[in-house]
Structure formats: structure tokens, C-alpha cells
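Thank you for making time for this today. Please bring up the sequence and the model, and I will walk you through a few places in it.

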Amino acid sequence: MRSSNFLLSTLKETPADAEIVSHQLMLRAGMISKLAAGIYTWMPLGLRVLRKVEKIVREEMDAAGAQEVLMPATQPAELWEESGRWGKFGPLLLSFTDRHDRSFCFGPTHEEVITDMVRRNVRSYRQLPASFYQIQTKFRDETRPRFGVMRAREFLMKDAYSFHLDDESLAATYERMRQAYCAIFDRTGLTYRMVEADSGAIGGAASHEFHVLADSGEDAIAYSDASDYAANVEKATTQLVTAEPAVATEAMQRVATPGQHSVEEVAKFLKLPLQQVLKTLLVKGTDTPVVAILLRADHELNEVKVEKLEQVASPFEFANDAEIKAAAGCGAGSIGPLGLDVPIVADHAALAMANFACGANSDGEHLSGVNWSRDLPLVNGQDVRNVVAGDPSPDGEGILSIVRGIEVGHIFQLGDTYSRAMNATCLDENGKDRVLTMGCYGIGVSRVVAAAIEQHWDDRGILWPQALAPFDVAIVPINLQRSEQVREVAEKLYAELTAAGLDVLFDDRKERPGVMFADMDLIGIPQRLVIGERGLAEGNVEYKLRSADQSEDIALAEAVAKVTEQLSK
RNA sequence: CGGGGCGUGGCGCAGUCUGGUAGCGCACUUGACUGGGGGUCAAGUGGUCAGAGGUUCAAAUCCUCUCGUCCCGACCA
């Protein structure tokens, strides 16, 4: 590709509304162009990268035995009413009506459509198991799209669905997909981690997420330094404390804590470490207005875990000030478990505390020297907190660390949630109708592009991993317009590299060298050949890796070999 | 959906408080010089100041409403 015939729409300055580095660089490099909030055009440069991701995904999906399909982006409401999700998906669904006043939505996902396709076309167990995938544009009307294509409303996704007669078959395909996902992310060249995930509202048995590790990631991942254990913090557990609490050595007393509300303030005021303070949170309950959750003050409530408790209302919601006042008779800063007449849930770690401080259910007062059994009845321990760095790994091997990750893939064993609701059945060996069981497997293709940049950039621009780069190599001629020799050599190299099957960007614009260098660095092409009269006099061209600090002079005759060799690494 | 910010040429911004000829840098066009890390000089192109309504002799500026957009939170296979 000649740059004179390729839209290089680079910017020197960072657009003001781009917050994270991938968004900034995608705009500056001219990869994407915003049309509306969360809706972007992929310009020629960006599309090249998107296609590289697609290619890897497609090849590995095919290798895993999945069949490619292309489903409609427009889906009839009836299908969603059948699965019960028309109302449930709510405002996330972009819906509209046609001229006959029939309701449709722009598909945010395709369980309904694929299940419908399968129930119409798959009739015998002999056709199972079967997996189908597509790479297609989805639309989710997020209330707050942000970070460019990282969390866009319209985005490109690979979604795959598998159908089975029984759970064993599902588990086998799930495992095969898991391996395919590892192969895909290995090939992208990104640093990633597979983690156990919460399967969310969608339910189902097993679920794993694939995260590209980056500080800007929206998810927190806990992993063991000594074993394979890794889980989304939403789900991560630690070894539960089962030891008896330490011996009560202090007498309980009521202390005045005027104006001290947060646990940090109370701990500081009472000159106690945070670990000696008990935090009492009131949340909405199922059968009672509120439920009290007890945590060690340095721990954080895990809403996903709490919501699964019977006593706790789903969806999870904190009690409001009026409800707190009604239940505890004080403000949120002074709640404590003693004398509190609501169901109490205590985190394991909270039960291990001794001689601790907590609220006295009276504004401006706390209790200190409190102990379980002696001062308040022991309750059953629950796991309701987020793990923190330093917690022991739940498998007993090593301790947990926490890193940030960008969720780029998610695989589920769905079970029969959709197939049952939509009556997707198949005849088994005995000629009996059986409800199918399903798996689903997603990859945020456009998000992978942004995630790659989050992980690979420097102050000059993007540093594409080889497998995702829009071009393999850039040819930068110095004085192309004036030097016949430079032109000849550059053209020849361009022809040879192209003939070798490489994606070559030949910068034949009438630009100064500095401009070309800056642009090539910004758009992140991994290899660069500079052709100038100065080097040619010695029979050399200049070779530089985008990731390297220094360039090197190499013989012109070796240039093609040098570039292709690097590519095969 | 709650709270906050911002809408002035393609991008980044000043001007708004205190109403009076719409500006700066970058980009873009042309020419000259230049020619290995976003060069210099000169001459240019491009804006109904988000939109509507109002106040006023006069509105980018003051008032009202609407829209867009970004951030925080909530939400989110």
C-alpha cells in the first residue's frame, strides 16, 4: 500500500474527550472516527487491525470445529418474548418498530436467534453436538458508553453457541472452546489470563473469562502466585478463617465518638488499626426491610456474593437513610450489631475478630472491646467480601495478588435456559424428544484492538504486536521526489516485500522525514526500512524495529530477508 | 437514571464574569527556501460561536428551554 493512496489521518494533539490511552491513540492514529456516542467508523488503518483479529479468531474457531454463520442484526421481539428477555434486557435493547408496527431490536446477543435456527434445522442427535459462530456487529444501548471502542454501544463481537444432548458433551465442547480461546489469545501476542468468572444473571454451570492485563482494565482479577488459581474478584474466594476468635481480654465499653462517621475516622479516633473495627452495612432484604452485613473494616463488600444470599434482596441495593434510621435508630456511621433487631450476616473474617470496636446504634457513640459470644451471639459465617492482595489462595497454594484486566472473552456452560424456554429439542437414540443443552462463547473483537493498545504503547504511539499490526513493515524513503536512486531502490523493495506476501506501507508522500517517522511510530508499524542516498552510497539501508531504541544499517541486498526473518519469529 | 463539566473553523483552546468589528496555535491550500525526527518565511481557505426562543439600540457573552458530548456514580452475558 502506498501512503499516497491510503488515508493517514493522524493528529498531533490529543482530542479532549478521549480519556484512556487506547482511545487517544486510536483517534490520533486515524484508526477510528466517532459518529455518535459509542458509535465509530473504522477507517482504513483501524479496519486492517480489526481484520487481523478476526482472521485469528476465525481460523481457531474453524479449527475447533465451529461452523460459521451470519445471523441478522435485526431481531423480532417475539423471539425475545419467548425467551422472556424482552422485558428483562430493558433499556439496553435498542428497539424499534417497522411500518407494520411490529417490534424489533438490534441484536445485543444472539442466543434466541441461534436457538431458533437450531430448533428449525437440527432434528436428530446424529447432528449433534454442533457449534456455530459468527463475527458480527452488536448493539447494546449502554447508559454510559466510554473509552472509545473499549465500551462502545455498537461493537464487533465473535459469538459462538454449542448444542448438546447432555452435559458431558457440553463439558467436552466447552473444554475444546477453552483451548481455542487460549490459542487465539496466544496468537494475538497479548498478555492475558483466563479466570474463573461469575456466570451472572444468565446462570449456568461453569464460566471463564479471558482478560488482557492492563492497568486501565475495568475488572480486578485475583490470582495465586503459586498455583493456577485465578478468578474475577467478583467471584474470587480465599481460605476461610475457621479458627476460634482470639480470647476476650478487654471489657466492652461505650465510648463517645462525636462526629466520627467513616470506619477510617472511628479507627483513627479510637487509635485502633482498621482490622480492629467492625463495619456494619445495611442492605435491602428479601423478607425484612433490611439485613445487616458485618465486615472487618479494611474489607470491602462483594455485592455479587451478597446478592446470592437468601435473606438479601436481588437486585442488591443498600438501605437508604430512612431505612437505616428506622432499623438502627441512628445514622449510617454508628450502626452496630448489638441490639440490632434485623437478620445478621457476618463475613468469616469478621467472626475471627476479638476486642473490636463497632457502632453503638446511637449517633456519636461506638462500642469498644467487643467480643463474640460474650457480648453478642455468634452467627454463621459467610463469604461476602472481596479478596484482597495477600489473602491465601483458596486452593491452599500461595497467596493472592490482584491485577487489572480488560475482559475480552467469556465462555459459559449455559445449560437449557434458552432451549427449554424456546422448546429446542431433538430426538435421541431412543426416538425420544430431549431438550438441548447449550454453551455460549464470546469474544469482543473490537475490544481486543483497544486492549492491545492499552498493553502496547509508548510516548510516540502504538507498538503493535506483530500479529495485529496493520502493516508488517514501513518503507520510508528520504528525498523520494528528488533522488532517482532512492526512488528506484524504494520501489524495488516495495515490490519484493509485497511479492513475499507482506503487508507493506510505502510512504511515498511528499513529506519531510520527521513527519514520516512520527507518523510511522504513531501508527505503530513493527518494522521500518529507511532508504536514503547517504546509506545507499555504502550499499546500506536503515532497519529499525518500532520497539527498539536504535536503528541499524544493513546491506540493501539483505533487507528483504531481514524483514521476513523477523516476521517468522 | 442521579450528580457535575463542556459545546467558538478539521484538532487543541482564548474570548463569556463586566454585551459593542470573532481570535490564537496546530492542521489544510499556494509559493519560495529547506531536506534523516512533526522546519522557516510569505500569501491564503475555512466559523449562521450546538439549536430554538427571549431581553437589548446591540448577544458567542445575559435569561429560558431543547439537543449533543464528556466525567463520576448507578447500570452492564
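**A walk through chain A**

Let us begin with Pro129, which sits in the loop between helix H5 (111-121) and strand S7 (130-139); helices here are DSSP runs of H or I with at least four residues, strands are DSSP runs of E with at least two, and both are numbered from the N terminus. The peptide bond that joins Leu128 to Pro129 is cis, with omega at about -5 degrees. As background, most peptide bonds are trans, and most residues other than glycine have a negative phi.

Before going further, a word on where this comes from: the model is predicted, local features need pLDDT of at least 70, side-chain atom pairs count only at pLDDT 80 or more, and totals for chains, interfaces and linings use all residues. Residues are numbered from 1 along each chain as its sequence is written, chains are lettered from A and ligands numbered from 1 in the order in which they are written, and side-chain values use heavy atoms, with hydrogens and water left out.

Now the overall picture. Chain A has 16 helices and 30 strands, and its C-alpha atoms fill a box of roughly 95 × 70 × 50 Å along the principal axes. Of the 569 residues in chain A, 51% are buried, where buried means under 20% relative accessible area, exposed means over 50%, and partly exposed is in between, with a 1.4 Å probe and protein chains only. Among the contacts in chain A with a separation of 6 or more, 68% are between residues 24 or more positions apart; a contact here means heavy atoms within 4.5 Å.

Next, please find helix H2 (residues 44-63), which packs against helix H6 (residues 167-188) at an angle of about 150 degrees, with the axes 9 Å apart. The axes are lines fitted to C-alpha atoms, for helices over the stretch in contact, and the angles run from 0 to 180 degrees between N-to-C directions. This makes H2 roughly antiparallel to H6, and the scale is that angles under 35 degrees count as roughly parallel, over 145 as roughly antiparallel, 65 to 115 as roughly perpendicular, and the rest as oblique. On the H2 side the contact includes Ile56, Val57 and Met61, while on the H6 side it includes Met177, Ala180 and Ile184. By class, the residues of this contact of H2 with H6 are nine nonpolar, one polar and four charged; Ala, Val, Leu, Ile, Met, Phe, Trp, Tyr, Cys and Pro count as nonpolar, Asp, Glu, Lys and Arg as charged, and the others, Gly among them, as polar.

How do H2 and helix H12 (residues 445-455) cross? Their axes come within 9 Å and cross at roughly 115 degrees, and H2 and H12 are therefore roughly perpendicular to each other. Val49, Leu50, Val53 and Glu54 of H2 meet Val445, Ser446, Val448 and Val449 of H12, and this contact of H2 with H12 has six nonpolar, one polar and one charged residues. H12 itself is mostly covered, since ten of its eleven residues are buried, among them Val445, Ala451 and Ile453.

Let us turn to the sheets. Strands S13, S18 and S17 form an open sheet of three strands in the order S13-S18-S17, with antiparallel pairing, and two strands count as paired if DSSP finds at least two bridges between them. Strand S13 (253-256) and strand S17 (356-359) stand at the edges with a single partner strand each, so one side of each is left without a neighbour in the sheet. The twist from one strand to the next averages 30 degrees. S17 and strand S18 (residues 365-370) are joined by three bridges, and Gly359 stands opposite His366 in S18.

Which of the two is buried, and which is exposed? Asn355 counts as buried at 9% relative accessibility, whereas Lys271 is exposed, with a relative accessible area of 74%.
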